[in-house]
Amino acid sequence: MTNSKSQASLRSTPPLKIDIVSDVVCPWCVIGYRQLAQALESTNTAYEIHWHPFELNPNLAVEGQNLREHVAEKYGRSDEESQQSRDRMQTAGSEVGFSFNFNDNSRIYNTFNLHQLLHWAKQQNKMHELKQALFTAHFTNNRDISTVEVLANIAGEVGLDRDIALAVLADQRFANDVRKSEQWSQQQGIQSVPAVIFNDLHLISGAQGVENYKIILKQLAEMAE
């Protein structure tokens with residue numbers, strides 16, 4: 001996915017290579033991406049984005065777990081602290097045009113199947129579209145992304161072949177590829193997401209905010225010059 005400033009600038013300066021390591025069930029991942037996207041547009045930066053898988057909860061059962069229960073068990077947060085965190089996410093999301101619709105039945109899921117589907121979508125030049133659709137399906141529309149039928153439906157909605165999507169999930173043909181990609185992230189020292197690597201050199205962790213991303217992009221542009 002590349003945003004072109006101008007043909008002249010692209011001839012003189014290659015697009016900024018951006019590797020993003022994230023998980024679909026990570027709220028700050030979609031917030032951070034949207035912050036970065038706004039900064040890229042504001043600074044008129046030419047770029048290429050490459051998505052990489054990360055599993056927040058690789059040991060979680062396929063059907064997932066109630067989000068409040070999960071946060072309490074994993075992070076030791078009270079209901080009040082959990083609600084405050086959700087409120088911050090909703091505010092941050094609204095600032096970048098993304099809606100979080102948390103409720104008492106919100107769940108978090110094992111995402112290994114999702115990453116396999118995304119790997120296949122990359123081969124069809126639809127990885128970015130599918131990634132965004134999965135964010136929306138999970139956080140905005142509260143769809144059950146633990147089921148292969150729902151995942152295949154979402155794939156179909158972005159122009160992918162639903163039947164092939166079902167087959168990909170059934171035979172797990174990209175399981176090893178996803179594991180290798182996850183190992184690459186580990187080798188980069190990435191233990192939390194979102195993580196953004198610029199031009200294979202500069203690792204930025206967490207959702208930085210639009211203004212901070214703009215500063216980072218301007219610094220990178222100056223370095224390139």
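**Salt bridges, a helix and the core**

Mentor: Let us begin with D200, which counts as exposed because its relative accessible area is 52%, over the 50% cut-off. Please keep in mind that this is a predicted model.

Trainee: With which residue does D200 form a salt bridge?

Mentor: In general, side chains of opposite charge can pair when their charged atoms come close. Here the partner of D200 is K17, with 2.8 Å between the closest N and O atoms. K17 belongs to strand β2 and D200 to the loop between β6 and β7, so the pair ties together parts that are 183 residues apart in sequence. K17 itself is partly exposed, at 24% relative accessible area.

Trainee: How many salt bridges are there in total?

Mentor: The count comes to eight. Another of them joins the side chains of E55 and R179, at 2.7 Å from N to O. This pair also links distant parts of the chain, since E55 is in the loop between β3 and β4 and R179 is in helix α9, 124 residues apart.

Trainee: Which other residue forms a salt bridge with R179?

Mentor: The general idea is that an α-helix has 3.6 residues a turn, so residues three or four places apart point the same way. In this case E182 pairs with R179, the closest N and O atoms being 3.0 Å apart. The two are three residues apart in helix α9, and therefore about one helical turn separates them. Salt bridges that share partners also join K17, D19 and D200 into one network.

Trainee: Is E182 buried or exposed?

Mentor: E182 is buried, with a relative accessible area of 10%. E55 is buried as well, at 9%, whereas R179 is partly exposed at 35%.

Trainee: How should I read the length and covering of helix α6?

Mentor: One compares its span with the expected value. Helix α6, residues 127-140, reaches 19 Å from its first C-alpha to its last, close to the 20 Å expected. Twelve of its 14 residues are buried, among them L130, F135 and H138. The elements covering these buried residues include β2, α2 and α7. Just after α6, N142 takes a positive phi of about 55°.

Trainee: Which residues touch the most other members of the largest nonpolar core?

Mentor: They are I18, L130, I145 and F198, in a core of 65 residues. The contacts of I145 beyond four places in sequence include A137 and H138, both of which are buried residues of α6.

Key: Residues are numbered from 1 along each chain as its sequence is written. This is a predicted model: local features need pLDDT of at least 70, side-chain atom pairs count only at pLDDT 80 or more; totals for chains, interfaces and linings use all residues. Side-chain values use heavy atoms; hydrogens and water are left out. A nonpolar core is a set of buried Ala, Val, Leu, Ile, Met, Phe, Trp, Tyr and Cys residues joined through side-chain atoms within 4.5 Å. Buried means under 20% relative accessible area, exposed over 50%, partly exposed in between (1.4 Å probe, protein chains only). Contact means heavy atoms within 4.5 Å. Helices (H or I, at least four residues) and strands (E, at least two) are DSSP runs, numbered from the N terminus. The expected span of a helix is 1.5 Å times one less than its number of residues. A salt bridge is a side-chain nitrogen of Lys or Arg within 4 Å of a carboxyl oxygen of Asp or Glu.
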